[in-house]
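Let's take a friendly walk through this structure, one piece at a time. Have the model open beside you as you read.

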Amino acid sequence: MTYRMYTVAERPELAGKGIPSADVWPEYNLHGDRLNQWWGHLDEELADYQFFLVDENDDVVAEGHTGPLWWDGDDATLPGGIDAAIEQSFVRTRAGQPVNTLCALAAETPRDGRRRGLAAELLGAMRVIAGRQGLTHLVAPVRPSWKERYPLAPIERYVQWRRADGQLLDPWMRVHERLGARVGAPLPESMLITGTVGEWESWTGLVFPDSGDYVFPDGLATVRIDREKDHGSYWEPNVWMIHPDLS
């Protein structure tokens with residue numbers, strides 16, 4: 001199936017037909033401390049960098065969210081995670097500073113109805129966006145899709161795991177690698193999510209009777225619960241996937 005790509009700037013009315021976030025992400029993932037400060041401004045300030053894929057019926061089947069960065073090409077100078085990346089996008093564009101890199105922020109398809117090939121289509125559309133904007137690099141702070149199966153494994157080890165055939169174990173990382181990307185730096189503290197104990201119990205459907213570290217449904221790492229302070233804190237781990245430069 002062939003999909004058409006439109007940016008928010010081209011067709012803002014598609015925003016009302018987009019995919020609900022609750023159909024894409026687990027509930028806890030919608031409450032990023034720093035990410036949520038910026039996310040609501042993407043469509044209004046970076047409309048050329050947000051896009052939809054639509055099918056032959058003009059129905060939205062996927063969404064992509066990206067932002068521009070400046071990067072010197074040295075892995076060590078990439079932002080420390082998605083929190084830092086989205087903040088840099090707004091700081092630089094608001095100040096009129098130069099950018100040369102497209103950073104993927106999210107590739108959204110419904111969890112219960114993902115269509116074959118959409119992931120590659122989304123990444124291909126991001127390369128189109130980067131080309132339109134005259135950017136050289138494409139990078140992604142990837143949320144590994146199978147990391148939830150191994151929440152106690154350090155992200156530094158997880159991103160190195162490969163199958164018997166030599167391909168990366170993680171399916172989402174594998175899509176990136178098949179399109180030419182390489183595994184960059186692991187990001188153990190990519191996105192911060194905090195809340196009260198009650199909020200974390202609501203987000204996860206669990207009860208946290210004592211203070212301590214807990215595994216929870218869909219979590220890529222553990223959440224630290226402090227009942228005395230009525231506080232839960234979680235760092236979502238990601239990994240940089242670095243795509244070939246645009247020629």
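A crossing of two helices is called right-handed if the near helix is turned clockwise from the far one by less than a right angle, and left-handed if it is turned anticlockwise. Keep that in mind for the first stop in this predicted model.

Start with helix 4 (residues 118–132) and helix 6 (residues 171–178), whose axes come within 10 Å and cross at roughly 50 degrees. Helix 4 is therefore oblique to helix 6. The crossing in which helix 4 passes helix 6 is right-handed. On the helix 4 side, Ala119, Ala120 and Leu123 make the contact, and they meet Trp172, Val175 and His176 of helix 6. Sorted by class, this contact between helix 4 and helix 6 has five nonpolar residues, one polar residue and no charged ones.

Next, turn to helix 7 (residues 197–204), where Val197, Trp200, Trp203 and Thr204 are buried. Because these residues cover an arc of only 125 degrees around the axis, they lie on the same side of helix 7. What do the buried residues of helix 7 pack against? Their partners are strand 6 (182–195), strand 8 (223–226) and strand 9 (231–242). After helix 7 comes Gly205, with a positive phi near 75 degrees.

Strand 6 also holds our last stop, Ser190. With a relative accessible area of 1%, Ser190 is buried. Leaving aside neighbours within four places in sequence, Ser190 is in contact with Gly80, Gly81, Ile82 and Asp83, and also with Trp235, Glu236, Pro237 and Asn238. Ala85 is 105 residues from Ser190 in sequence, yet their C-alpha atoms are 9.3 Å apart in space.

Note on methods:
Residues numbered from 1 in each chain as written. Predicted model: local features only at pLDDT ≥ 70, side-chain atom pairs only at ≥ 80, totals over all residues. Heavy atoms only, no water. Axes fitted to C-alpha atoms, helices over the stretch in contact; angles between N-to-C directions. Helix = DSSP H or I, 4+ residues; strand = E, 2+ residues; numbered from the N terminus. Parallel < 35°, antiparallel > 145°, perpendicular 65-115°, else oblique. Contact = heavy atoms within 4.5 Å. Nonpolar A, V, L, I, M, F, W, Y, C, P; charged D, E, K, R; others polar. Buried < 20%, exposed > 50% of the residue type's maximum accessible area, 1.4 Å probe, protein only. Arc of directions from axis to C-beta.
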